[in-house]
Structure formats: structure tokens, C-alpha cells
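Trainee: I am new to this structure. Please show me how to read it, step by step.

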Amino acid sequence: MKMWLDKKIIFLQIICCFSLIDISYQRQNEYNFVVKEANYTRLCSTKPILTVNGKFPGPIIRAYYGETVYVNVHNKGKYNITLHWHGVAQPRNPWSDGPEYITQCPIKPGGKFRQKLKFSIEEGTLWWHAHSDWSRATVHGPIFIYPRKNTSYPFPKPNAEVPVVLGEWWKSEIMDVQEEFLRTGGGPNNSDALTINGQPGDLYPCSKSETFKLNVDPGKTYLLRIINAAMNVVLFFSVSKHNLTVVAADASYTKPLTRDYICIAPGQTVDALLHANQEPNNYYMAARVYSSSPVLTFDNTTTTARLHYSGNYTSTSSPPLPKLPYYNDTKAAYNYFGSIKGLPKRYPYKVPTNITTHIVTTISLNSFPCSEGQICQGPNRTRFAASMNNISFQTPSSSILQAYSNHVSGVYDRGFPSFPPFIFNFTAEYLPLDLEIPRRGTKVKVIKYGSTVELVFQGTRLLQGIDHPMHLHGTSFYFVGHGFGNFDEEKDRKTYNLVDPPFINTVLVPINGWAAIRYRASNPGVWFLHCHLERHLSWGMETVFIVKNGKGHHQKILPPPPDMPPC
Ligand code: C2O
Ligand code: CU
């Protein structure tokens, strides 16, 4: 009898703890993603949005380290679409990576594509999103990657794990927002709300009853898997009266860093522990914009969610809002980014010290002069543009990967410069206006297999300086240094952190400054490199790095799947 009781208790305990860790977790290597419209109500009005399986944010993909997962994508929407698995390296398999016209042609309405997600070195939180047009505003969701059996987190196991997806909401249809600014040449409309798990929160009209609520038990620890899925804004995030201990960034572990706020750029993810160690009560968590430009307007609203302690207590009627750094607090942003250190014992390989490929690229906002018949609502009646090394990327109308692997010419050329074509005082306050006009082209950079790459992003003050979250597909990289002003090889290389830099996939390049990354190019394929601010991507702040095949058998691009969407 006693035995039986014990067993029963154990059984109950297992149920309880398992459900705490993840209520709906079931091991699954195959997902069906149906892209379709669904009606959603936010800010007092209802509109159709594009979703996966009718959900916003979309479904969570869960996997163990090293696992392979398949996603059957079925496009039941009315637009072309592609899906991308942000931060998944996809070894030797660029075919499933997703950026439209870079690695595939879009899945047309009615079309299907079975995509393979091969997890290799990633562990922590990533996310997936549409990678065609502006549909990623609503077509995105989390990816949780757990330690594989018999391994563990490099921190005490949390009692539960919680997605915190930060997003942006427009009252109008997102495709109209995109269409309008591309047609007029001006800037896109700012969003009408920021969201936490799809909800604007108590500070917006008609939102209160829907606000996301995290129920916590006093004394327990929660792993927040925070994703910045916003289109155009870097965010500060904080929880009232609670600290956050950052333990991973972009699915790579970090040294624990305890702060009362974090800063997170579009594309980035942060795993942070939250200890429910305060007076039982209601508290707010909140996010708002970090925007350093003195001229740009932005969505200056604040999104909130509630932290609700269990137990009997009389709660304060209006819980306090957390203190967030001021909108333009560049110091707060880079003090945070500069404090994140990687966890060398978990590195996939050593930080490269012997560099074989040096690349420096400017990242600039630009403008094209107005030509006849065009609408020109950009600065001084021009049209907005953006560039890397003075080339404003022209997206082709067929896939670069396909052209590359079939040796088709005319789709792209190999002329992406390794260094800025003009050297000027990139961050000077006044710059000659003619520097503002970039060239157009579909220029890629070809890199030898196994190269060790140092890539320096140099922000410029053309038009206006701003921070840029630069994201590379196909690999993560060590973020070894950053600073303000012009990058100075001699002086700035000495400041690099080659000991414990974070291993990330998206780096925020400081306004009127630079950031340096290092990595080993050991994943053959066609890999997109771009600013993760959607408006800058639309304007041409992107290029493609092609990593050639190596000599070894396992150093070559795999053959394409049979159901690649036709061009
Ligand atoms: Cu988050 Cu090119 O992607
Ligand atoms: Cu940018």
C-alpha cells in the first residue's frame, strides 16, 4: 500500500512538473504550417491578418539540440510567401533557409513546400518569420531548442519557460503600409502599438482584458524566452521591481548578467531568468522603443504585460510601471550590449585570431534623386534608399541560390566590394550631398570554404545616422568589438574581446559607429546579410555572402529538395 501511494505521488509530481515546464510540449519532428488569413481584434477594431495556423504570434517549434525537424508549409493566403528560420545555421542546406529570391522563389498561393530544419550548434531561443514582403509583421513565432538528453542548461533549471514575443501592430493592413511607402519614396508609417505576445496591453484602448498575464508562484524561477519580432524598432524591456538575469542570446549561452532592463534589436533573442522573489502582488513588464535619431519619428507608446503572483493578498490597484531607459539613451543600450559575455566552454569553436578574409562595409541611408513621373516624398523631394558599400541591393526575380548552383549567369554578379569604394569621414556631421546617392546592383561576395572572416560594419551619417541590427544567415558570429566614430584598424583592434565575446546572429551597430564580428565560413551556401529593420531591408541595405564548397565530402551543399517552389 505504501509503495503504491509513493508511486502515485511520484506520478502526480511528474505530471505537475512536466506541465510546469511546458504545458503543451509533445515531442514532434513534423509541423504543419498553414499560412492563412484570420480576423484579429486589436485597438478597438477588427481586421484580417496573415497568420500561421490562425495564430498570432504563430506556433512554437520545439526541438532538442542537434535534432532535425520538418515543417510542411502550405500557403492558403493570397500573397506569395516564404518562411525563414532565423538563426538556424542550416548546415549545407541553404535550400530551406527561406529569404525570397535569395535561396528560393516564393511559395505561391495554393503552393506547398516541405522545409527541413537541421539544428546543429544552436541551443536556447530562436524564431521563425516570413521572409517576403512585410508579411513577417504577423507571420512569426518562437523556436525553443532544449538541451539534448543527459545534458543541461549551464544554470539551475527554471520552474517554467515563457515565450515573450515583442511585436508591432498597425491599424491598417501591413501590405498597404508597405505598398504606400515604396510607392511614395517616403518613410513607412509608424506602428500604432507595440505588443507582448500579440497584445498591446493596458495602456492602449480596448486592450485591458486581453493583456498577456504571466502567473507566477512566489519563490519560483521563470525562463523568459524574449524575441524582438518588431519590424522597425529596437526595444528596451523591463519588469517592475524585478531583475532579469540574461543567460543566453541568439541561442548561445552567455555568462549570467543581471540587469534591471535589457535592450533587444529586431532579430535578436534573449533568454533571461526571472525570480519571483518580490512581495506577492501584480507587477508590470513593459517594452518601449530605443531610438537614437534626433530627427526620426517613431512609435512612442509602451506595451505592457502583467506579472501576477499566486496566493492571497490585497493587490495594489494600479501596479507600478518598470523604469525603462529614455528613448534616446544610447549609453543605456550599449552599456547593456557591451556587458554581454559569451560562455567559452560552450563555444562551437575558438574565436578566430588568424583572419584570412577582411571585409569592411559601410551601412548607409541614402536617397535617389526624383525622376520624371515618380512620387518623391523622401528628404528634399528625393526617394529613400539604403546601401552597403554604396550598393543599394536590387532583389532579382529568380533565386540566387538556384542560379549559383546551376551556373546560370545574369541573375547576380560577384562584385560586392570588400572595402568601402570611397573613403570619407563616415560619421562627420556635414557630408557632401552627392555622397548620398548609391549605386544599384545585385552584387554578392564569394568566400572560400573555411575562411576566417572579420567583418566590420561602419555606420555613416549620410542622410542621418541610426543604429542598424545587422543579421547574417547561415552562421552565428563572435561579436568582438564596437565603438563610436570611424573604425580605426590599428587602434580599435586592440580593444577587441577575443576571450569571451557573445556568439550571436544579429548585432546592433551603434549610431554613427561601428561593430566588428569574426567567424569561420564553414557552411557552404548562399547566405543573406541584411539590416533587420524592415524599412532598411526594403530600401536595399543588404547583400549576399556565398560560401563555396570545400574539398571534403561533407563540405558541399546538399542537393535541393524535390519540391523547391518553382520560379
Ligand atoms: Cu530574421 Cu533574414 O532574417
Ligand atoms: Cu538598418
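**Reading the chain**

Mentor: Start with a loop. Pro-57 sits in the loop between strand E2 (45–52) and strand E3 (61–64). Helices (H or I, at least four residues) and strands (E, at least two) are DSSP runs, numbered from the N terminus. This is a predicted model, in which local features need pLDDT of at least 70 and side-chain atom pairs count only at pLDDT 80 or more, while totals for chains, interfaces and linings use all residues. Residues are numbered from 1 along each chain as its sequence is written, chains are lettered from A and ligands numbered from 1 in the order in which they are written, and side-chain values use heavy atoms, with hydrogens and water left out.

Trainee: Which residues does the cis peptide bond join?

Mentor: Phe-56 and Pro-57, with omega at about -10 degrees. Asn-53 also lies in the loop between E2 and E3. Its phi is near 55 degrees, a positive value in a residue other than glycine.

Trainee: Is Asn-53 buried, partly exposed or exposed?

Mentor: Check the cut-offs. Buried means under 20% relative accessible area, exposed over 50%, partly exposed in between (1.4 Å probe, protein chains only). Asn-53 has 29% relative accessibility, so it counts as partly exposed.

Trainee: Where is Asn-390?

Mentor: In the loop between strand E21 (383–388) and strand E22 (391–393). Asn-390 has a positive phi too, about 65 degrees, although it is not a glycine. Asn-390 is buried, at a relative accessible area of 10%.

Trainee: Which residues is Asn-390 in contact with?

Mentor: Contact means heavy atoms within 4.5 Å. Leaving aside neighbours within four places in sequence, the partners of Asn-390 include Thr-362, Asn-366, Phe-422 and Arg-439.

Trainee: Now sheets. How do strands pair?

Mentor: Strands of a sheet pair through backbone hydrogen bonds, either parallel or antiparallel. Here, two strands pair if DSSP finds at least two bridges between them. One open sheet has 5 strands, in the order E24-E32-E31-E26-E29, with mixed pairing. Strand E24 (444–447) and strand E29 (506–509) are its edge strands, each pairing on one side only.

Trainee: How many bridges join E26 to E31?

Mentor: There are 3 bridges between strand E26 (residues 468–472) and strand E31 (residues 525–531), and the two run antiparallel. Met-470 stands opposite Cys-531 in E31.

Trainee: What does UniProt place on this chain?

Mentor: Its unreviewed entry places the feature "domain: Plastocyanin-like" at residues 35–149, 161–312 and 437–550. UniProt positions are given in the numbering used here, feature names are shortened, and annotations may be inferred rather than shown by experiment. Residues 35–149 are 0% helix and 46% strand, with end C-alpha atoms 33 Å apart. Residues 437–550 are 10% helix and 50% strand, and there the end C-alpha atoms are 38 Å apart.

Trainee: And the whole chain?

Mentor: The protein chain has 6 helices and 32 strands. Its radius of gyration is 23 Å, close to the 24 Å that the globule rule gives for 567 residues, so the chain is as compact as a globular protein of that length. That radius is taken over C-alpha atoms, and the rule is 2.2 Å times the number of residues to the power 0.38. Buried residues make up 61% of the 567.
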